[in-house]
Every structure is written in structure tokens, then in C-alpha cells.
Amino acid sequence: MIVPGVGIPVLGRLLLMLALLSASESRLTQACPGLITSGCSCTDERSKAHASPAVRKRVSCSSEELSETPEPGLLPNRTVTLDLRSNLISTIMPGAFLNLPELRKLDLSNNRIGCLTPDMFQGLTNLTKLNLSGNILSTLDPGVFQELPSLKLVNFNSDFLSCDCGLRWVPGYFRTTTARLGDETICAFPKILHGKPLRGLRESQLTCDGPLELHTLSLLPSQRQVVFKGDRLPFHCTAALVDKITALHWRHNGQLVTSDPVMGVSLEPSVVHDCTFITSELILSNVHVEASGDWDCVVATGRGNTSRSVEIVVLENSASFCPEERITNNRGEFRWPRTLAGITSYQHCLQLRHPSQAMGGGVEQKQASRYCDRSGSWEEGNYDSCLYTNDITRVLHTFILMPINASNAVTLAHQVRTYTLEASGFTDTMDVMYVAQMMEKFMEYVGPLQELSEVLVEMGSNLMQVDDQILAQAQREKRACSSIVYSLETLAWPQLHSHAQDLSMISNNILMEAHFIRPSHFTGMSCTAYKRRESFSGNLGLEGAEPNQEQQLRFRCATGTHNTSLNNFPMKNAVALASVVLPASLFPPDAPADCKLQFVVFRTGRFFPFSENSSDPGEGRRGVNTPVVYVGLNGCSMWNRSDPILVSLRHTTPGHDPVAAQWSLPALQRQHGGWSREGCQLAHTDSATSTLHCYVLSNYAVLQEVPEFPHSPSISVRVLHPVAYTCTAILLLCLATIIITHLLHHSSIHISRKSWHTLLNTCFHIAMTTAVYAGGITLTSYPVPCQAVGIALHYSSLSTLLWIGVSARVLYKEAIWRMPRQPEGEPLPPPTQRPMLRFYLIAGGVPLIICGVTAAVNLHNYGDNSPYCWLVWRPSLGSFFVPAGLAVLVTWIYFLCTAFRLRHRVNKQRPGSSLSSPLPESQPALGGSASLLSTDAVVGNAHPALTPEDQYSLRVRFLTLVTTHFLFLALWGGGAMAMWLTGHGSLLFSCLYGIAATVLGVFLVVNHCFRRLDVRTSWLSCCPGYRRSQPMPAYVTTCATVSGVQTTSEQRSSSSTPSGISSVGSGPCKLTNLLQVAQDNTNNATRASAGTNTSTSTDNNNKQANNLGRTKQGSSQYHHRGEGRSHYRLKALRSGGGGGSMGALGPTEGSDGGSSGSRKPFPLLPSVASRVAMQGYRCSASRDNLKLAAAAEREAKRSSYPLNSITSTVPGAALNGSLKSSMIEVELDTSGTDHSQSSVGMKSMWKSETTV
């Protein structure tokens, strides 16, 4: 078969192709005969010049898992490209490429090559491209490429490449040669250069100054292991080979580990792998209990050491457990679970309900740890990683972590001093330790910052208020007290020089005095530390008005060796606490020209805790019972032949068996305490003072056996002048009399309801102010009670002023009230419903809000380092004096307006007429059911009109309130000035306070109790004998006129109105006994003539069951109008419920019976009659009564006929006037009105008016 157009058959073509392929394979095999078995391929590579046939070879051995390079003899001589990537080659033998002089490209990437040497590339003089990326190279030695002169491009990127001082030669090499470093070569370590190309780095960036960072450091096992005794446990440690001296060591609990076949410890030698890693193996074939603890693999290099550790817990076959336990300390509350012995338990610092929330965001939560020992007992836990729960401790710890420099030292010192103001409340030794550390840091900046010295002295003075036990514990743990003392006793040295030769700083508990002296001119020095004596010669215990300054220690120095006695101190009103006399021979003859001398006086020995482990068995009970005096020199020393230093010290508390001692830092190093008897002798002692002779410069004190040591000194409570307590007691007695009387007899005392509330609250808050002032104004030594006293005084003072203002407002409203005019025929609107609670919200709520806001802003505004328990000066301006001034201003505006109104009323009053005080918002006696939310409607008896001896007029009440206001202001001002001033000024104002308190109490009790007839009657009614001896007089009164009707002085007898109702106040209004009314009705039945006066008297021995009234002694005139047609039908309501009801033919307590002029008389119960029945009383209706009476009159005028028929049937009476039987019906309206309206608004219409 022949293909068209082709002369060769197809079969022949196939045979030709097979022959050519066989010839080609034969030529390839002849070119690379030794690479066939290794899996490499060898191909021809055409030259770019095209000048000659291709004779160059390309050998590819990639991904063949070769562990070493092919032998040089197997590679063609004309090989120009060798691809060995992605194999397992770890080392390259020297001269591995000697037979390849034509090699141009060498690819060794992605192998396990760890180190390179120059001899590996021998013979490669024509190599231009070298790829070493993807290996485990961490560094390259200098000169590694010196055998490659034709090199153009090189890459050696690695995941372990460390760009440090080992590669510092790289930038210079590539700058000076034609070779170029590829961009793929980037740094892996250190972290600061991670990801940056090596070719872009400078030599200065390639350093080894930073911390040691290893690309590989692992320990297996890496987690805590719990094994049993006798188990086998291997350890394997791998680290990066940093340099030639890198080595691995093992440690157990800090001790170096070596091979010990007896204990089953086998340590294998370290092995280096691929010039990059070093490994070591440790095997515990027979684990013992002693193997428990931390096992560390330590990597030692020329650049430093690092390690990895793992905890091993070895358990006995019968292990015990630590019980569950809850621990509460200054770091929080921790609940340690039941834990196996030998295990360390961990707890999160924050005991959250959902711990995962606290660990969110990648933030590692801090933990506390605690070890359970082999015996099943808990050891002390490690809580250092947790924050403090106390705010002060946490803030002080924050200060410790802050950097301090010259620019912020003073600011930080003031902040720390602010927190030490509360040192008396320190409950943690860490507070003292942190302050001591801060003082050490501040000492570096004392020289240029003199203000810093004063702050440090105040800081140390405040720390002396810390409890003795806390200071002693802080001294035992960190020697915090010694650190504080050292800081204070070296404080003056940097600040004394030729231009600043004196330094003096004072505080409440620490005194410092320093001088720059010349020893050649020194003639001796006598110095005395003293404090101000308490005011009033100490007899009254009242200190001055500025106790902070008087509590401060003061220093007085003089040249020469004066014999100063503590008991005969020449300064007036001062008490000497300590004195030091330096002899003239203090300095040696060869002393320097300049010297620095310093004195430091500590009020107590709290910074100098006594030794608990003393060799003397009797010294364990001793304590520092005097101030501590320090004398020190800087720049010179004391002459060993000098006369002794005389030190006199006053005893703090009574003690016995005194011992002279000196305290120094060298002594502190020798023993736990620091007090030593060497160098000081006790020259003289008595019950109050001791004198010492000392031959060394140190801290001097007297140690005595004090009962109940350690013992905190008793806190002296300052007292006021006795006149203040006496007069306050008198005032409280008077106020208590007023309050108790008006509470128990409120229903019997005729006082308006608003006046009753304002009077009681004013008296109560005056009593509260004076009682708190006298009992707690001086409790400055007790911070919490002092703050409570300040808040109570603040509230009661403001509330008293506001209640007086409310009283002034009530009087002003009464003065301006007028009777509203209503058109004829229109009903009078009901009174406005206004609750009494509004007064309490103003006078009680406003002060409560002010005090609450002031305390919430800063509770320390009350009694914070003040000489008395009151507000600090600046906060008091806005929280007390401003609102108090506004209250006084508003009160006096009401006073002036009320005075003007009263004066205007007097001018308009007609001569000879009596103008009764109006009662716009006042009511008569309070009912027993009155409450704060009740309205201003009348709740008491409707006859409030009393004589001037019983209820005061508006003018009298106004003058009483003004006088009360004046006296209270004088009392408050006198008490304040007595605390602010000192000496005779304080005594003067204490007496003024007492006078004001006494006058105020007597004035209030006289006006509100003794001068009130109803109060005296209520007091006397408590005596049973007085009630039986009192007669029952008739209650005769005349009704006042309203709106143009005649007054009581213009009484007239009017005829019956067309509607059968008499106008308000048109005639006499008399109340008499109900039996007499019945007897008069009997006379009317016999057609007695009108206007006849009848005198009757009932028999007091009448015992009829239905006669509940009482006979009237004497005779009374009865005026009748009309003929016998004017009969009454009286219906007696037997029930006492409902408004305006009467019980047993008489008005109940709180009813308005007999208050209206249009009402007919009816008898009173004995209790009511004994209270209100007296001769000459006038009836003055209240505003609400008048309104209701006018409404009833208009309603009656619209009626043409009486609504009720009037019948009266009274049997005949005996000749002696005895009433045998009677039937009286009185019909009253009880249709749901209140007590005042129902009593006044009676709808019974009378056809003819008769006055009985």
C-alpha cells in the first residue's frame, strides 16, 4: 500500500522512526552512562551563540530523594546546569563538583543542608547562579562564596535564617563583588527584623545585642507529668546551634543533673544535627518521689542562656489529698478544690461565673497557684499575679510601676501623700511597703526639689498613724520601717550647702532640723522639741481652734550647753517632749572645715519595733515609751573623747523599769530589732521623764515595761466648755417639753394644723442640731463617727432654717387672706385640696439632697483633717453657706411682707372695734385622724375663737417666730465661733452659745406651753382631783359678723326672715344645757308670752337614763322670739360616725358643733365643756365655716316653706323646776360632708327663730 504523493510506504516509515529512536537512546546512554540507575536525566542544552553544535549538558536530579550529591565521575564534563532541588541532601562533601568546570547553574533548594563551607564549591569557577533556598540554614560563615568568582546571583532563604551579627559580612560582600543577593532571601529572626529582605539591611542592623532568640527550643514532654513511683520517664531536648560552644545541660529544682545509675538517671551526650540543631536526652528509668519538681533543659551559648522546664509530680501508691479550702486575702477570694498530694493547683485571679469571657480577645488571664504537699497539707499560695482588692493598695502598686523623673516627682509625691492621709485605715502591710519603696525612689530627686522634702516628711508623719501590728509585720517582712527611717534621716544632706545653711520641717508626728556648721566655731547646742499645751490650761480638755497646728511638733534651738529641763520649760502654754544638749567638744581638733548636723524627732516609736528574739528574757515585754530623737553628722564624725550627749525624754504612758537604748542601722543588721544598750546610760529617771548620757550618734529612746504591750496610745477626745453642755441640756429639756405636750394633747390645744407641724419640726431639728453639736463636734480622732456628725449637723442646720422659713410663709398667707366674694345665688366653691407633704418635701427633702450630693462627690468633705467635725472650708461654701443664706433671705422677705401687712391692717382698723385674726389656712384643734396627705379643710371643732390668753393673735405669733429665728442664728454662730477661735475668744463665744441656747429654750417653752391656757388646762386635766373639782359653766358666746353684718359689739334682735332662717351672726348665740332647752319648750307649750326671761335650774340628782347632759349651775337668760307657734322638733343622733355627727346628744371630738351663728344651741359633753366653756369667749368662724354658712343661707332663702314640720311634746314639770320626762328631736344633715362642712351645713329650716 502506497500513500498518494509519497514514494515510501507507511510500514517503511514506522521502521525508520524506530531506528532513529534507538540510535538517539544509544547516544544518550553513551553521554550519561552512570545516571540511569540514580533516576537523573541528562539532556543537551543548545548554546545561545548558535556558532557550533550543542555539546553542553543539563542534568536534572530533582525530587529523587537523594541523600547526597551524585559522584563527580558520573556527571558529564560539559554539564552547565545541575538541578538537585527537593531531595534529602544534608551535607555536601568537599570537592563534590570538581569535575564540572563548565557548570553555570546549581540548584540545591529544598534540601536539608544546614551548613556550608568554601571547599564544597571547589572547581566551580564559572558558576553564575546558586540557589540554596528552602534549606535549614540559620547563618553562613564569611568567605563561603570565595571559590565562586563568577557568581552573579545567589539565594539562601530559610525558615531559620537569623539576621544577626553572624551575617554582618553579607552587605559588604555583595557591595564589593559582582554577585547579587536575591529578593527572596528574607530574615526569620530576630522578631524585630522578621520578614525584611536581607539585601536591604545595613551592617548596624545586624547585631547580637538583643535578647537571645532561638529558632528552635523544645522539650518533650512539654506539659506537667503525673507519674507513679517506679515508672520510666524519658526527656528529649532540642535547641538551635547558635555557635560552636552551644551546649545543653539538665537541672532539677535548680541543681545540675548528672548520670546516676543508682538513682536511675541516665544522661546521654549531646548530639549536633546538620550543623543547625543540638539534642540531648535524659532518661529516668526508676522514678523516685524525690524526682518531683521542675526539670529544666538549659541552653548555654556564647550570647546567653535560656531554658525550658516541665513539672513532674511523683505520686505514692497511696497518695493523700488536700481538703477543699476557701482563702480570702488582699488579692481576692479563692476557692481551692480538693487536690491530690504533690499537685500544684491553679485558680484564676478573677472568680468569674464565665471564665471564657475574661480570656477573650487573646488576653491571658492571670492565675494564682498553691501547692499541696506530700502530707496532704496546703502550702502558702502564690498570688503575685493577681491585683489587689483594696483600692488604696492597688493605686499604690500602680505608683510603684510608674517611671519617676525630675519632672513628675513632685506631682507623684503629692498624690502618694494624699493616699497616706488615710494611713490610720491601712489594713495591709503592702500599703506600708509600697509607700516605703516610693520614698526610696523620691530620695534621688530631693537635692534639686526642696518641696519634695516637705512632702516626704508629711508622708512619714502620716504613716505613723498605721496600726502597730501592721508596721511590725512590714518591718519583719521587708524592713519597711527601717527604709522609711533611713530616708528621713538622710533627707537633709543633699539640701545643705554654703548657700542654704538651715533646714527646718515640721509635721504632726515628725520634726526635722538641720544646720550647716563650722566645727572650729562650734560652742555647743541645746535643742528642745515641744508641742502646744491644750487650751484652758488642759483642765477643760478643749484644744484651740486649729488643732492641726497645735498638734504639730516644734523645735527650739540655741547655741551653748544650756541645762534645759522638760518640767521647767520656759515657753508659755507649751509642753516639752524631748531635749538634746550637744557638748562643745563634739568635734575632734582635726575636724573638717564644714559639717552637716541634723536632728529628727519622732513623736512615738512606731517606726522602731522592738526585738522579739532578744537575749535578755525581760526585754521581750519592753516597748518604746518616749519620743525617739535622732542626732546625725555628715561630712565629719564625733570625737571619741567628747563629753556625753545629754538627752531628756518625756514618758508617753506610765511604765516601770526604764532602760536607755539607741537604735542604728548597723545594730539592725546584727539582730532583728535594732535597739542596743551599748553607747547610752540612764542618768536620771522619774515617773514623767528620763535623762540619758550617750556617747554615740544614733536614735535615742527609753524602753520600759508597759502593760498590755503592744498597746496603742489612747485617743484623747476633746471636750467643750462645761457651759455648752449645761445650756444644751436646758434647751433640750425645754424642746422635749414642747414636743411631748403637743403630741399627747394635740386634740386639746387650739392651734392650726400647719402651725402644729411647723412648730414640732422646728423644735425637733433645733434639738437635733444642738445635741449633735454638743455630743460629736469634737470627735475628730474617730474618722467614721466624725463624718456622721458632720453630715447630721449639715442636714439639721439647713432643715431648721427651712422649717422657720415655712413657718414665715404660713404667717404671711394668713396675713394676706381675704373672704372671697361670690355673686348672689351662686354656690361657694369647695376649698382647695393642698397636702401637707409639700412642706416636708421642701424643709426635709432639700437638705437631704444637698447632703447626699456632697457626701457622694467626696465623703472626705466631712471632717477631713479638720479641727472639728464639719465641712471642709471650700465645699462648705457651696453646700451649706449658699443654701443657708438663701433660706435666711427668703425667710426675711416673708417677715418684711408680713410686718407690712400687719401694720396696714392696724391702720385700717376702726377705733373701739376688735378685729379678730383671720384663719385662712388654719384650723382648730387637730383631729386624731389627721395625716400628712389630708387637706387644709377643717378637721376640728368649729369654735376656734379663743381669748387672747389662749390662742395668740397673728402679731404675737409673728413676733415669736422672728425672735426664734434671731436666737437660733445667734446660737449657731456662737457655737461655730467657739470651735473656730482659740483661747479667750473660744471661751467668750462658748458663753454666748450657752446664753443663746438657754434664752431660746425658755422663750419657746414659755410661749408655746406656760402662757397658753389650753396647754395648762390639758396639763391639769391629767390630774383626777382637778377634774372632779371643776364646775360645769355654761358656754355663752356671740357670733361674729361677716361681710358687713354687725360685729359682736353690735348685737341686735332680728325678726324671723321670710325663709325662717336668721342671718349669720344676727343675734346672740348661747349654748346651755339640753334639759334647760327642753324645759323652755314646755313653757312655750303653755302659751308663754314672747320675750319673757325665764330662770330655771335643773335638779343635779336627776338619774334618768336618757338624760346624758349636765345641769348648769347658776342662772342664764333665754331670749325667745315669736309665740308658741315656734316649736322645735329635735332629733338626737345616737351614732358618732360620719362627718358632723353627734354622740349622746353632744358633738364628738373633732366635730364643728356650735360654730355657726345660724345654728341652735345644744349641750356639750363634759370633756368638751371643761375645755372650751369659760366666760367671755367669742366665736370667730374659720374661713371654711364662713363659706359654708353663707352657702347655707343662700340655699335657705330660695325656700319659701320650711322643709320640716316642728312639733314638741314635753310633759309638765314639777314646781321646783325638775324635768320629769322629755322628748327632743333634732334633725341634722349627715349627707357625706366632712367634719367641718357637715357640722355647719345643717339643712333644717326653721319657720320662726328662737334664741335660747
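Leaving aside neighbours within four places in sequence, Phe-607 is in contact with Gly-460, Leu-463, Met-464, Leu-471, Cys-481, Ile-484, Val-485, Ile-510 and Phe-602, where contact means heavy atoms within 4.5 Å. The model is predicted: local features need pLDDT of at least 70 and side-chain atom pairs count only at pLDDT 80 or more, while totals for chains, interfaces and linings use all residues. Residues are numbered from 1 along each chain as its sequence is written, and side-chain values use heavy atoms, with hydrogens and water left out.

**Nonpolar cores**

- Phe-607 belongs to the largest nonpolar core, which has 64 residues. A nonpolar core is a set of buried Ala, Val, Leu, Ile, Met, Phe, Trp, Tyr and Cys residues joined through side-chain atoms within 4.5 Å. Buried means under 20% relative accessible area, exposed over 50%, and partly exposed in between, for a 1.4 Å probe and protein chains only.
- Val-432, Phe-442, Phe-602 and Phe-607 touch the most other members of this core.
- Helix α6 (residues 429–442) gives the core its largest share, 9 residues. Helices (H or I, at least four residues) and strands (E, at least two) are DSSP runs, numbered from the N terminus.
- Another core lies apart from this one; it has 49 residues, including Leu-735, Ile-738, Phe-880 and Met-979.

**Helix packing**

- Two packed helices are described by the angle between their axes and the distance between the axes. Axes are lines fitted to C-alpha atoms, for helices over the stretch in contact, and angles run from 0 to 180 degrees between N-to-C directions.
- The axes of α6 and helix α8 (residues 468–478) are 9 Å apart, and the two helices pack at an angle of about 60°. The pair α6 and α8 is therefore oblique. Angles under 35 degrees count as roughly parallel, over 145 as roughly antiparallel, 65 to 115 as roughly perpendicular and the rest as oblique.
- The crossing of α6 and α8 is right-handed. A crossing is left-handed if the near helix is turned anticlockwise from the far one by less than a right angle, and right-handed if clockwise.
- On the α6 side the contact is made by Thr-429, Val-432 and Met-433, and on the α8 side by Ile-470, Leu-471, Gln-473, Ala-474, Glu-477 and Lys-478.
- Helix α12 (residues 722–744) and helix α13 (residues 753–776) have axes that come within 9 Å and cross at roughly 155°. That angle makes α12 roughly antiparallel to α13, and their crossing is left-handed.

**Strands and sheets**

- An open sheet of 5 strands has mixed pairing and the order β9-β17-β16-β11-β12. Two strands pair if DSSP finds at least two bridges between them.
- Its edge strands, β9 (225–228) and β12 (255–256), each pair on one side only.
- Inside that order, strand β11 (residues 247–252) and strand β16 (residues 293–301) run antiparallel and are joined by 6 bridges. Trp-250 stands opposite Cys-297 in β16.
- Strand β28 (residues 574–582) is largely enclosed by the rest of the structure, because 9 of its 9 residues are buried.
- Strand β26 (residues 525–532) runs antiparallel to β28, with 8 bridges between them; Ala-529 has Ala-578 in β28 as its bridge partner.
- Strand β32 (residues 645–650) also pairs with β28 in the antiparallel sense, over 4 bridges. Here Val-581 has Leu-646 in β32 as its bridge partner.
- Ser-345 lies in strand β22 (residues 344–348) and is buried, with a relative accessible area of 9%. Not counting residues up to four places away in sequence, Ser-345 touches Trp-336, Pro-337, Thr-339, Ala-368, Ser-369, Arg-370 and Trp-378.

**Backbone exceptions**

- Most residues other than glycine have a negative phi, and most peptide bonds are trans.
- The peptide bond from Phe-189 to Pro-190 is cis, with omega near -5°. Pro-190 lies in the loop between β7 (180–181) and β8 (217–220).
- The bond from Leu-220 to Pro-221 is also a cis peptide bond, with omega near 0°. Pro-221 is in the loop between β8 and β9.
- Ser-86 has a positive phi, near 60°. Ser-86 lies in the loop between β3 (79–83) and β4 (105–107) and counts as partly exposed, at 31% relative accessibility.
- Asp-657 has a positive phi as well, near 55°. This residue lies in strand β33 (residues 656–663) and is partly exposed, with a relative accessible area of 38%.
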